[in-house]
Structures are given as structure tokens and as C-alpha cells.
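Hi everyone, thanks for coming. I'd like to walk you through one chain today, so let me put it on the screen and then we'll go through it together.

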Amino acid sequence: MPPQTRRTSFPKVVIERDTDSEESSSDEDEIDEEDDVVGEEEVTEPKADEEEGEEEQEKSVTKKKTPITISLKKVCKVCKRTGHEAGFKGATYIDCPMKPCFLCKMPGHTTMTCPHRVATEYGVVPAPRRNTHRSLDYVFQRQLRPHIPKMKPEFVIPDQVNCAVIRYHSRRVTCLEFHPTNDNILLSGDKKGQLGVWDFCKVYEKTVYSDIHGCILNNMKLNPRNDGTVYTGSSDGTACCVDLETGISLSLMNLNPNGWQGPSTWRMLYGLDINLDKGVVLVADNFGCLYTVDMRSNNVTGKPILIHKKGSKVVGLHCNPLQPDLLLSCGNDHFARIWDMRQLETGSSLVDLPHKRVVNSAYFSPLTGSKILTTSQDNRIRVWDSIFGSLDSPSREIVHSHDFNRHLTAFRAEWDPKDQSESLVVIGRYISENYNGAALHPIDFIDISTGQLVAEIMDPNITTISPVNKLHPRDDILASGSSRSLFIWRPKEKHEIEKPIDERKIVLCGKAEKKAKRKFGDESDCDSDDDGFTTKGKTVKSKQPYLDSTSTSKSKSKSKSSKKH
């Protein structure tokens, strides 16, 4: 039997913490192997007695007990090196000294001192007037230019929360759409595949259809010819036509009929748009392919066409509002492309617009369709003033904070469809700012003709990020999706004139509603914000309570009864 050693006691472990900073900036503290063990364990092995022959005797083991010292050093999240830390501390973002500025991606300064953080128009030069004699430019001057006003109208900014639904969805909001004919209806989709229909004038009239898709509802478009139906595309590989009144969905296509066969074959639908001129619904998947669905027969027509790099997501599709034959697409291959629907083939794009990173969205301007607005993951909003001119380089690049490293819905700069000058866009901000001690993520209104920040709106109760924002096509209303909640913004001055008393309405859903009932009793309809908006598991109490319509009506009825008595 070979000699063995037995551990009769364990050495003492001493943990030394780095006192330079209070918390470690890494998700998992790394331990240096060089400082793991100070000292060595000396073991003496027993020897067999030669005189006894086959009999072996074990002798006691003697050890020198020395403490093991473990050093917990701070590791940077960005470069994974020790000695410094980077990331968010409240509303402050600390840059890694080994990397360039997180906001503008340029070396030589930090995010706190970045000139683009102080003024978004810093470094933005308006495009010069191009005196071209091309036929397309002549058409633009004769047909489209008269529709653009010579004087820029005054911007109306909805800057006050009018009503909200807290935890309306079970997962984060991914897309928003206003109803084309009913001004009070807002449609929303979430990560779980649910479709919500909310009448924000009658706060409690809301419906959530949970059996339409199996996972993320990435995009949806309402049928302009039939306002009671909506087309949806999901990451489960299905496109559906949903009746808004009944919630009954008709499957238009299923790219995964055999179920899950592995990530290499699973197809997901991202980009979606409707071309009324041709009567088709356009959808695109995560393999770079485009599909067309006939709106009359609800069947897929033709074969899929590869419009982006094979294996890359096509996250956005948009048809030109005045020239339906023009299609704008964008994807994860760092390109936005313009296509002619009459000769749509692989590699037949009219123009390729290169970007440095993933393109989150690309849209034609809503009235004339002559401008292009793109949002890229490199913290840049790019603008092309005319699709009939030179598209070799963008007219302007606006630095804006929307490069995120969390599980969020992608930020997209959206046009204001009511702006006649086609210069106002809205987009949420990723890097938080310190407002009276609270870290808030504002929603920015930017004038893309100059790059100037027109307004930044925030609410002290909304401490989460608002990546999904949609402006109403007819009213001065902004809808924003923040985490699982929906918010409706209206202009402050107009709201104060119509309603001198602040009667903002809010509804708590799910767990928040149960907590409110336990706090106020089952008979109470007043929903406070004690359970409102959470950040990293912490509950943030509201400083100004919201009132729902029911509680307001009850208070009025009580006051009338007291007057009678």
C-alpha cells in the first residue's frame, strides 16, 4: 500500500480587500494567482519499516501551518485590467483610461468633459447647397419643394406626463404604434410576444392579447385600408394578421414549421412594412432575406431575396411615402440600402449607405420622402438631406448617447410626422443625468437641420430608460415605453389651460396592483407610486402622486354629498 498523507486541519485564510474604492466594478471578482498563496505547505511523508517486510506503518504527518492570503482587486469592466474601474456610478459614467470617450468614440477626453454632451450641435456642420443639374434634382425642385414651408414652424414639445399604465406588460416594451383613425388608441408589443391595445383617454379600457406570438414582438404595422387589423412580426419566425377587437390572429407565414432545430436554422422576423401601392406586406428575417406577403390572399408570394449580408439581421424596412417603389432597409451588416421594388434582386441595390456599426433604424422623411434618417450603434444619428443628390457621405452626423450594453430595446430616432419642415426627431437617451440628486434618462427632441437639442423631457418618477418613443401623427402627444410601462406625454401649457387641476392618471397592473390593494385596502382605487418604477431591484417612491380617473370621480362625489348635508 503506497504511503498517504491526511489533512488533519486546514490553513487559515486571510482575505485582503482593496481599500482604494468601495465596490468592485466587475461582475465577478477575479483573484490574482500570484497573490493567492503566501507561503508553502511542507509535508513529511511517513517511511515504511524495512525490518517488518510487507507490513507498512503510517506515521503522523507534521506540517507548518501558514495562512493563505487572498487579494480581491478591482477589475475594470471594459478592459478587464486591474488598478482602475469604469462604468456607471449613479448618474455619472466613469470612462476607462485605456479606451476613448464612450459618447463620441474619440480619444483625448472623458464622457464627463465631452463637448457633445454639453451641446449636441458641437461639430455638426450643415450641408452646403449643392447646385446640381441632374434630372432627379429638377423633379425634386418642381414637385417636392413647394410642399416644404420656407419658414420653419414652431416646435410643440409634449413635456408632461398626462397618464400612464405601470407594469402594463409582463416583459419590456419593444414597439409602439398609434391607431390610424382613433386618436386615443395606442398599440404596444413586448418581449414576450404580447399585443396591447390601450385607450389612454379611458385609462382602464385596455386589453392585452397574450396568445399571438411565442416570443419577442419585434415590429407591427396597422393596415391603412382596414384599421381593425394589424400585421405583426416576431422572433418566433411567424408573421400574423390580428383582429384588434377579438384578438384572433391569422398566421401569414411560419419560417420554423419543424420547431427548434438549433440556432443555426432558427429564423426570426424583424423588419416589417406595408406597401399599399403593390398590396404586399414586406418582412425580413435574421438571415438577411426579404419576404413578400399578398394582402388579399394572405399568402407568401415569390421566393425570399437576399438583401443584406447572409446571416445578418435585417432590423428595419421602410417604403417611401411618395415613391412606393423605393424601399429602405438596414441591418447588422453596418449598411442601410435603397432598393427599387420593380427590380428587386440580390445585389441590385441602388445605393449602399455605410455605417461604422450596427444600424438600428432607417426611415424616409414622412411628408416628402426626400430625406433619410438613420440611427447607428456608434452613438451617431446620420441625416441625408436629399436622396436625389450625392449619397456618398451623410449631410450631418449628430452625436447622441444610445450605445447600450444592457438587455434593452434598441434606440431609434423617430420623425415627427406633423412637422412640415421635416427636421424634428425624438429619441431616448442612454447615459443618465443628475437632476436634483436623481439619476434620470431624458427623452431628447433634436433639430436635425442644425443638430441642436431642442428639448429634453423627463419625469422624477420615471427612473428607467425609455428606448421606445412614438409621436402622434395628428395630436401633440408622445407615447413612450419604459421597461414594462407606458406613458403619455402632452404639452404642459396646453394641459394647464384645459385642466387647471392636475389630474394625471395612472394604472398599476400585475404585482403592483396587488401591493397597492394590500396597502390601501381592496376598496381603495387610488394607485400611488410606491410601487412604481424600479431600477436594479430598488423601489423608487414617487415625489408627486398620480391620481386615476376613478379616485378623482369618488373625491368629487364625496365633496358634493358633504355640501348637501
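**A walk through the strands**

Let's begin with a pair of strands: S30 and strand S31 (residues 452-457) run antiparallel and are joined by five bridges. Before I go on, please keep in mind that this is a predicted model. Within that pairing, Asp444 sits opposite Glu456 in S31. The two strands make a hairpin with four residues between them, and Gly451 there takes a positive phi near 80°.

S30 has a partner in S27 too, again antiparallel, and again over five bridges. In that pairing Val425 stands opposite Ile446 in S30.

Asp444 belongs to a network of salt bridges with shared partners, which joins Arg117, Arg429, Glu433, Asp444 and Glu456. One link is Arg429 to Glu433, with the closest N and O atoms 3.5 Å apart. Arg429 counts as buried because its relative accessibility is 9%, under the 20% cut-off. Glu433 is at 19% relative accessibility, and counts as buried as well.

Now a quick look at the whole chain. There are five helices and 37 strands. Of the 565 residues, 48% count as buried. Among contacts with a separation of 6 or more, 53% are between residues 24 or more positions apart.

Next, the nonpolar cores. The largest one has 20 residues, and Leu373, Ile381, Tyr430 and Ile448 have the most contacts inside it. Strand S24 (380-384) and strand S27 (424-428) each supply at least two residues of this core. A second, separate core of 16 residues includes Phe155, Val161, Ala455 and Phe487. Going back to Tyr430, and setting aside its neighbours within four places in sequence, its contacts include Phe88, Phe102, Phe404, Phe411, His441 and Ile465.

Let me move to another covered strand, S16 (residues 289-294), where six of the six residues are buried. Cys289, Tyr291 and Val293 lie on one side, Leu290, Thr292 and Asp294 on the other, and both faces are covered. Strand S15 (residues 280-285) is joined to S16 by five bridges, running antiparallel, and Ala284 stands opposite Leu290. Their hairpin has three residues between the strands, with Gly288 at a positive phi near 85°. With strand S17 (residues 300-306), S16 has four bridges, also antiparallel, and Thr292 stands opposite Thr301. That hairpin has five residues between the strands, and Asn298 in the turn has a positive phi of about 55°.

Which residues does Cys289 touch, beyond those up to four places away in sequence? They are Arg267, Val283, Ala284, Pro304, Ile305, Leu306 and Val314. Cys289 itself has a relative accessible area of 12%.

Back to charges for a moment. The count comes to 22 salt bridges. One of them joins Asp325 and Arg342, at 3.5 Å from N to O. Asp325 is in the loop between strand S18 (314-319) and strand S19 (326-331), and Arg342 is in the loop between strand S20 (335-340) and strand S21 (351-354). Asp325 is buried at 18%, whereas Arg342 is exposed at 61% relative accessibility. Another salt bridge joins Asp385 and Arg396, with the closest N and O atoms 2.5 Å apart. Here Asp385 is partly exposed, with a relative accessible area of 22%, and Arg396 is buried at 5%.

I'll finish with Asp190, in strand S7 (residues 185-190).

Definitions and conventions: Residues are numbered from 1 along each chain as its sequence is written. This is a predicted model: local features need pLDDT of at least 70, side-chain atom pairs count only at pLDDT 80 or more; totals for chains, interfaces and linings use all residues. Side-chain values use heavy atoms; hydrogens and water are left out. A nonpolar core is a set of buried Ala, Val, Leu, Ile, Met, Phe, Trp, Tyr and Cys residues joined through side-chain atoms within 4.5 Å. Buried means under 20% relative accessible area, exposed over 50%, partly exposed in between (1.4 Å probe, protein chains only). Contact means heavy atoms within 4.5 Å. Two strands pair if DSSP finds at least two bridges between them. A salt bridge is a side-chain nitrogen of Lys or Arg within 4 Å of a carboxyl oxygen of Asp or Glu.
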